[in-house]
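Subject: Structure handover

Hello,

I am passing this structure on to you. Please open it and keep it beside this email as you read.

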Amino acid sequence: LGVLIALEAGANGSGVLEYEPVQGDLATIPVDGVEVTVDSSTPVNSYSLSNGATLNIVQGGMTNHVTSAHSTLFINNGTVNNETPNAGIDVYDSRVILEHATVRSMGNGILLGISTGTAKPGTWASMSDSDISGFGFGIGLSQLSRLEMSNTKVYGCLLYTSDAADEEDSV
């Protein structure tokens, strides 16, 4: 499925992931209320945005995974290349602007949501001239989130089986 529109969405937690990477692991960098720019000279990492933070991924910059709560993600000629089962971009109550961006994920491509229990609009996203793909959904969004797209390709692959007996017949 390319795009999933959900009637309900729950937050996966609002805390910042603190993590000590071991050699070979990608670090998750907390970005709390400040602006950070990732370009082609920046090492590949994951980012966790909170409290009005802004992450700019520009001019060949690449990240692994981005989570955002009440923050802004801007990608211009950058890439999110997620090789984990998480969504490549997972945002709540945030703004997402993609221009000439690529998002590839072994999980869902992009999840646009709202925090559980909020009555205000959720995430607002604008995507132009971009490619989004996920092994699950290309894009999933909650009922109060807003998505505007132009010249953007969205790909998803969702395999379904009702039980193990007919697994070979499922697509």
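Below is what was found, from the whole chain down to single residues.

This is a predicted model: local features need pLDDT of at least 70, side-chain atom pairs count only at pLDDT 80 or more, and totals for chains, interfaces and linings use all residues. Residues are numbered from 1 along each chain as its sequence is written, and side-chain values use heavy atoms, with hydrogens and water left out.

**The whole chain**

The protein chain has 18 strands and zero helices. Both are DSSP runs numbered from the N terminus: E for strands, at least two residues; H or I for helices, at least four. Of the 171 residues, 42% are buried. Buried means under 20% relative accessible area, exposed means over 50%, and partly exposed lies in between (1.4 Å probe, protein chains only). The chain exposes about 9,000 Å², and carbon and sulfur atoms supply 52% of that area. Those areas come from the Shrake-Rupley method with a 1.4 Å probe; for residues, only the protein chains shown count as cover. Among contacts with a separation of 6 or more, 34% join residues 24 or more positions apart. Contact means heavy atoms within 4.5 Å.

Two strands pair if DSSP finds at least two bridges between them. Within this sheet, β11 and β14 run parallel and are joined by five bridges. Arg95 stands opposite Trp124 in β14.

Another open sheet has five strands, in the order β6-β9-β12-β15-β18, again with parallel pairing. Here the edges are β6 (62-63) and β18 (153-156), and each pairs on one side only. Two bridges link β6 and β9 (residues 79-82) in the parallel sense. Met62 stands opposite Thr79 in β9.

Look next at β10. Strand β7 (residues 66-69) runs parallel to β10 and is joined to it by four bridges. Thr67 stands opposite Asp90 in β10. β10 also pairs with β13, in the parallel sense and over four bridges. There, Ile110 in β13 is the bridge partner of Ile89.

In a regular strand the side chains alternate between the two faces of the sheet. Both faces of β10 are covered: Ile89 and Val91 on one side are buried, and so are Asp90 and Tyr92 on the other.

The largest nonpolar core has 25 residues, and Leu98, Ile110 and Leu112 have the most contacts inside it. A nonpolar core is a set of buried Ala, Val, Leu, Ile, Met, Phe, Trp, Tyr and Cys residues joined through side-chain atoms within 4.5 Å. Strands that each supply at least two residues of this core include β8 (72-76), β10 (89-92), β11 (95-99) and β13 (110-113). Leaving aside neighbours within four places in sequence, Ile110 is in contact with residues including Ile89, Leu98, Val103, Met127 and Ile132.

**Single residues worth a look**

Ser46 lies in strand β4 (residues 46-50). Ser46 is buried, at 5% relative accessible area. A polar atom of the Ser46 side chain lies 3.4 Å from the backbone nitrogen of His65. Beyond four places in sequence, the contacts of Ser46 are Ala27, Thr28, Ile29, Asn64 and His65.

Ser40 sits in the loop between β3 (35-38) and β4. Ser40 counts as exposed, at 59% relative accessibility. The C-alpha atoms of Ser40 and Gly61 are separated by 4.3 Å, although these residues are 21 apart along the chain. Not counting residues up to four places away, Ser40 touches Val58, Gln59, Gly60 and Gly61.

Asn51 has a positive phi of about 55° and is not a glycine. Asn51 is in the loop between β4 and β5 (54-58), and is exposed at 55% relative accessible area. Asp129, also not a glycine, has a positive phi near 50°. Asp129 belongs to the loop between β14 (124-128) and β15 (131-134), and is partly exposed at 34%.

Best wishes

Notes. A polar contact is a pair of N or O atoms within 3.5 Å; within protein, one must be able to donate a hydrogen and the other to accept it, and residues adjacent in sequence count only if both atoms are side-chain atoms.
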